[in-house]
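Please read the following briefing alongside the sequence and the 3D structure. It is written for a reader new to both.

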Amino acid sequence: MTLPPLRIGVFVCDCGMNIAGTVDTEALATFAAELPDVVAVIRNRYTCAEPGQQEIQKAIGEHRLDRVVIASCTPKIHEPTFRRCVADAGLNPYLVEMANIREHCSWVHMKDREAATDKAKDLVRSAVGRARMLEAQDEKTFPVTDSALVIGAGVAGIQAALELADGGHQVYLVEKEPSIGGIMAALDKTFPTMDCSI
Amino acid sequence: MMDAGRHPRIELLVNSEVEDVTGFVGNYRALVRRKARYVDTDACNSCAECAEVCPVAMPDEYQQGFSSRKAIYLPFPQAVPASYFLAAENCLGFKPIACGKCLEVCEKKCIDFDARDEVLDLEVGTIVVATGMEAYDPRPNDEYGYTRFPNVITSMEFERLICAGGPTEGNFLRPSDRQLPSRIGFIQCVGSRSASRGVPYCSNICCMNTIKQCLLLADHYPESRSTVFYLDIRAFGKGFEDLYRRTREEGVNYVRGLPGRIEEDPETHDLTVHVENTLSGTLERYELDMLVLATGLVPRKHNGNGHRSIDEILSLSHTSDGFVMEAHPKLQPVDAPSRGVYFAGCIESPKDVKDSVTQAGAAAARAGNVLSAGQVRIEAITAQLLPDLCAQCKICAQVCPFNAIVEASKKDDLLPDFIEAACAGCGTCAAECPFDAIHMRHFADEQILAQIEAILTDDPMQKIVAFACNWCSYAGGDTAGISRLQYPTSVRLIRTMCSGRVDQRFIWHAFRSGAPLVLVSGCHFSDCHYIDAVTWTQRRVEKVWTRMEKLGIRPERLQLEWISAAEGQKFARVMRELDRLLRQVTPDEVAETRQILQREEAKEQKKKAALAMTAAQTEAGEGARVEGNA
């Protein structure tokens with residue numbers, strides 16, 4: 001299958017010393033530049049910080065990037081950040097791919113810089129390979145039922161229910177015992193104020 | 001409590017349990033069973049006449065069993081709703097009526113023996129889980145003679161004995177002889193901070209609770225003397241140190257060391273405590289009238305009555321201490337990994353009233369944000385049917401854990417319907433479809449195949465291709481990273497939302513491309529974020545194992561592991577074990593596998609071509625017949 005030429009930007013994050021302390025990010029950047037369809041590689045001390053994000057947005061404009069690969073931490077932390085970041089620069093948020101070279105690499109191979117760097121290269125190559133196949137996606141929105149279910153009516157459940165109800169939402173407060181109150185209701189006084197619990 | 005009872009927007013459902021939750025953020029549907037109470041809560045005015053005539057006496061749970069209650073009773077004086085309750089399991093029987101005395105005396109006729117359980121079908125946008133914790137039970141280990149010596153009590157029992165609304169009307173009497181004790185001991189960390197008894201963590205509240213109890217004693221009984229046996233006093237919160245200092249000023253004696261032995265005088269039931277004072281290095285002996293065990297807090301045990309617990313219903317994962325796991329321990333401390341579900345209170349970790357209230361406020365704010373927004377955006381990771389390839393075999397509809405694929409609705413259309421709003425994106429249908437007729441958005445076949453090829457480009461003999469599900473195994477790898485657990489560098493992870501997405505094709509493609517070892521990893525069955533999608537993963541891997549054996553490929557080269565998000569240590573251990581297995585695979589073996597699989601692929605393509613040919617011929621034949629008929 002022949003693919004149309006793409007314009008991929010790779011952003012390598014040092015994460016201070018969190019990544020750069022173990023992975024040779026300079027070598028990683030050089031490696032990434034040679035990968036198919038990669039037209040720009042930018043190294044950053046902290047890609048997630050405001051200047052790092054601005055750099056991504058600038059590069060999208062300057063290099064007319066149509067895919068963005070970020071080699072940094074786990075997508076579970078910053079994928080939403082970077083999706084927003086590229087969307088603000090006019091790129092579909094599903095055209096971002098992350099290579100986790102921190103939690104899955106620099107932090108777990110701290111004693112072997114060379115092998116960790118090799119692994120980081122593979123993870124970036126894998127992310128670029130996937131990025132080449134990514135497609136723009138549209139997210140759908142759905143209406144929300146304006147009510148909440150609170151399960152358990154001890155002090156926490158009662159408080160959460162009151163806050164939600166005061167905020168104007170319908171609340172169903174479910175308690176398996178015959179009365180609400182939970183363990184708190186069986187306490188005599190509570191610290192540090194030494195006042196009654198009920 | 002009263003505020004919650006009378007708030008116009010709070011519907012109280014007591015005696016109720018959640019039986020099932022389906023749907024997704026903003027659009028959950030909960031089935032709640034409201035058990036029969038047999039007393040009309042609105043009509044009951046708590047006159048107590050029913051309880052007066054009830055002949056049954058049961059230990060009163062609210063009073064920690066120090067006094068009794070009837071089968072029909074008010075749970076406690078300030079109960080909300082302020083209504084009596086008939087415990088059917090204690091009642092002498094009403095089908096047929098065996099006693100019926102309460103029914104006779106109730107003037108307002110609020111008792112209804114024919115009441116039935118009701119199952120409510122609720123539509124809600126968000127869910128706050130606040131099911132709390134329970135106190136460590138000192139009985140199984142007979143902590144400090146708790147089961148043998150009547151004057152050894154727990155801190156919860158203390159609360160009832162000192163309370164004006166308690167069984168002794170606030171007179172702090174010791175259980176053996178109902179006399180006022182003057183020498184009271186407290187033992188800290190009972191069931192907490194122990195690798196062998198109870199739990200290894202600090203239960204957070206027990207130090208301050210004991211300090212509070214010492215102050216209550218000093219206040220009510222100035223002539224009493226309290227001694228606290230402790231490991232460390234942890235008075236870290238606002239105002240806590242002041243309270244601790246006050247107890248010292250009141251004369252509370254703090255002894256650093258946990259007692260080794262407790263003896264009881266069988267006549268007087270007085271207690272002798274032997275303890276090594278670790279500050280002075282001396283063995284000491286204390287004569288006491290009463291001993292209070294500051295029991296720790298443990299995760300709530302699942303109700304072993306055959307029903308699924310709320311943790312199972314909502315697929316909540318747990319950290320190693322057994323409390324629920326947050327979406328992120330620092331940045332999303334009240335969010336469950338599933339969107340639209342939040343935690344409040346001790347279900348997340350042991351905490352005091354103030355922290356519970358704080359966390360409940362946070363959970364309510366998070367839940368309220370979603371509700372106020374009015375609409376919710378769903379990630380574009382959903383399954384799409386490719387109608388041209390679909391052979392209407394219906395397997396997709398059978399495997400979908402969310403019933404998001406239903407059989408054709410129109411008579412003349414045999415294609416299944418894909419309900420996008422209900423699709424959670426696990427990808428099981430795409431993996432199971434024998435005709436590759438399902439496209440998984442953002443986790444498409446070609447995207448994953450490209451990753452496999454990228455990983456195996458250089459030096460494949462040193463690489464392990466590992467599929468990890470987003471919620472558990474991949475997150476377990478993150479936990480290993482956060483904990484800096486070191487393991488060999490051979491593994492290369494490919495993230496899918498669910499292990500159910502891992503198509504057999506991916507595994508075969510990896511082996512055909514020269515992978516020495518492949519790992520498929522997912523959530524433990526009880527943690528699966530896609531209900532039971534993980535069971536399909538298991539079946540599929542088993543199928544691949546069988547075929548590997550048939551083809552003469554060592555099945556050990558395909559590994560299957562269940563790793564939760566909290567199991568960083570297990571993740572690291574599995575990676576070390578995989579690295580060991582990797583070393584056993586030889587280049588010859590891999591070369592042979594590639595040959596076998598390439599041959600298989602060629603055979604399959606031939607078969608497909610032949611099938612296509614027959615299909616074309618049949619079509620042509622049918623066309624000819626149609627023409628003939630005309």
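What distance separates the centres of domain 1 of chain A and domain 2 of chain A, taken over C-alpha atoms? The two centres are 46 Å apart. This is a predicted model, in which local features need pLDDT of at least 70 and side-chain atom pairs count only at pLDDT 80 or more, while totals for chains, interfaces and linings use all residues. Residues are numbered from 1 along each chain as its sequence is written, and chains are lettered from A and ligands numbered from 1 in the order in which they are written.

**Domains of chain A**
- Domain 1 covers residues 8-133 and domain 2 covers residues 147-196; these bounds come from an automatic or database domain assignment.

**Contact between chains A and B**
- In chain A, 79 residues are in contact with 101 residues of chain B (contact: C-beta atoms, placed from the backbone, lie within 7 Å).
- Elements giving two or more residues to the chain A side include helix H4 (102-106), H5 and helix H6 (155-166) of chain A; helices (H or I, at least four residues) and strands (E, at least two) are DSSP runs, numbered from the N terminus.
- That side of chain A divides into 39 nonpolar, 20 polar and 20 charged residues. Ala, Val, Leu, Ile, Met, Phe, Trp, Tyr, Cys and Pro count as nonpolar, Asp, Glu, Lys and Arg as charged, and the others, Gly among them, as polar.
- Strand S7(A) pairs with strand S1 (residues 10-13) of chain B in the parallel sense over 4 bridges (pairing: DSSP finds at least two bridges between the strands).
- Within S1(B), Glu11(B) stands opposite Tyr172(A).

**A sheet in chain B**
- Three strands of chain B form an open sheet in the order S2-S3-S8, with antiparallel pairing.
- Strands S2 (16-24) and S8 (118-124) of chain B are the edge strands, each pairing on one side only.
- Strand S3 (residues 27-34) of chain B is joined to S8(B) by 7 bridges, and Leu31(B) has Asp121(B) as its bridge partner in S8(B).

**Helices H11 and H13 of chain B**
- Helix H11 (residues 445-455) of chain B has buried residues that include Ile448(B), Gln451(B) and Ile455(B) (buried: 20 or more other C-beta atoms, placed from the backbone, lie within 10 Å of the residue's own).
- The buried residues of H11(B) pack against helix H5 (113-133) of chain A, together with strand S26 (464-469), strand S27 (491-496) and H13 of chain B.
- In helix H13 (residues 504-512) of chain B, the buried residues include Phe506(B), His509(B) and Ala510(B).

Notes. Buried ≥ 20, exposed ≤ 12 C-beta atoms within 10 Å, placed from the backbone. Contact = placed C-beta atoms within 7 Å.
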